[in-house]
Amino acid sequence: MNAILSISGLSKTYAGGHQALKSVDLEIRRGEIFALLGPNGAGKTTLIGAVCGLVRPTAGTILVDGEDARHHWRKARARIGLVPQELSTDMFEHVAHTVAFSRGLFGKRRDPAIVEKILRSLSLWEKRDAKIMQLSGGMKRRVLIAKALSHEPDILFLDEPSAGVDVELRREMWAMIGGLRDQGVTIILTTHYIEEAEEMADRIGIINKGEIVLVEEKKALLAKLGKTEAIVGLTAPLEALPAGLADWPLSLSGDGLTLTYTITAEEAEARGLAQLVKRLEAEGVDFRTLDTHRSSLEDIFVDLVDGARAGAVA
């Protein structure tokens with residue numbers, strides 16, 4: 001699948017000397033949902049700002065469907081919609097008018113039918129004549145999405161799209177974002193809700209301290225870095241692991257009553273829980289409980305970021 005957004009050697013150092021981005025290389029495929037994860041201050045918003053023309057990079061190139069965003073920024077920016085974190089819009093404006101106005105800012109002709117379609121898709125049509133100040137926080141965020149879609153962009157950036165909205169509205173937004181992808185819109189989102197990325201993203205990128213730590217297909221990432229952990233409660237304490245279990249990834253608790261078994265998804269094919277149970281029985285180890293936990297994307301994210309921090313300290 002060809003790239004609709006290509007970022008190469010992108011760096012940003014602010015006047016105070018803080019380097020927010022460090023030679024970032026990233027390609028976003030046409031029509032995918034790409035989730036960019038990272039702790040606060042990692043560089044997510046700076047990266048989005050650079051692509052959208054809000055931040056002037058110190059170095060590097062940005063190509064939007066082959067168009068150089070630094071030299072032909074109007075053409076490039078017209079291909080992009082941006083939903084910022086902050087609820088930054090005129091609170092005294094009416095919903096339909098502010099969406100139509102945003103469309104006009106990109107040189108698009110007046111088209112009430114398109115505005116209506118966007119508002120209906122976001123359940124805002126009934127609020128079209130309301131002032132933005134009269135809306136709930138979740139509805140205000142929908143207005144931001146409507147404004148970002150008003151000029152029919154090919155790429156949509158969502159910077160923390162579900163911040164401050166309830167669970168039900170978050171689920172509705174996920175469905176809406178999936179629908180946009182089905183229409184051919186490329187979605188790039190940053191989020192603090194790891195389950196949001198796990199639910200929707202095709203690929204995951206992790207950024208930390210201005211550097212891309214990892215870019216991976218979501219399924220491959222969960223398979224490669226995800227772990228299954230089994231906690232085995234024993235009937236009687238063991239003084240040590242039996243010799244027949246010495247080469248298995250098992251650890252024995254201090255009281256001898258609990259075994260912890262940890263394997264990756266790749267290892268599970270050869271040494272899954274069924275094989276563990278058979279081996280325990282063969283070694284005469286009786287157990288009374290078996291509890292399992294499989295790594296989520298959040299577990300993987302925390303491990304990667306903590307590992308990067310530990311490496312920096314070392």
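pLDDT is the predictor's confidence in each residue, on a scale from 0 to 100.

**View 1. Confidence along the predicted chain.** This is a predicted model. The chain has a mean pLDDT of 86, with 90% of its residues at 70 or more. Among its elements, strand β2 (residues 19–29) has the highest mean pLDDT, 96. The lowest mean pLDDT, 63, belongs to helix α11 (residues 297–313).

**View 2. The buried side of helix α4 (residues 112–121).** I114, V115, I118 and L119 of this helix are buried. They lie on the same side of α4, because the arc they cover around the axis is only 135°. An α-helix has 3.6 residues a turn, so residues three or four places apart point the same way. The packing partners of the buried α4 residues are α3 (95–105) and α5 (137–149).

**View 3. The other side of helix α4 and the residue just after the helix.** Just after α4 comes S123, with a positive phi of about 55°.

**View 4. N40 in the loop between β3 and α1.** The loop that holds N40 runs between β3 (33–37) and α1 (44–51). N40 has a relative accessibility of 66% and therefore counts as exposed, the cut-off being over 50%.

**View 5. N40 and A240.** These two residues are 200 residues apart along the chain. The C-alpha atoms of N40 and A240 are separated by 44 Å in the predicted model.

Notes: Residues numbered from 1 in each chain as written. Predicted model: local features only at pLDDT ≥ 70, side-chain atom pairs only at ≥ 80, totals over all residues. Heavy atoms only, no water. Helix = DSSP H or I, 4+ residues; strand = E, 2+ residues; numbered from the N terminus. Buried < 20%, exposed > 50% of the residue type's maximum accessible area, 1.4 Å probe, protein only. Arc of directions from axis to C-beta. Contact = heavy atoms within 4.5 Å.
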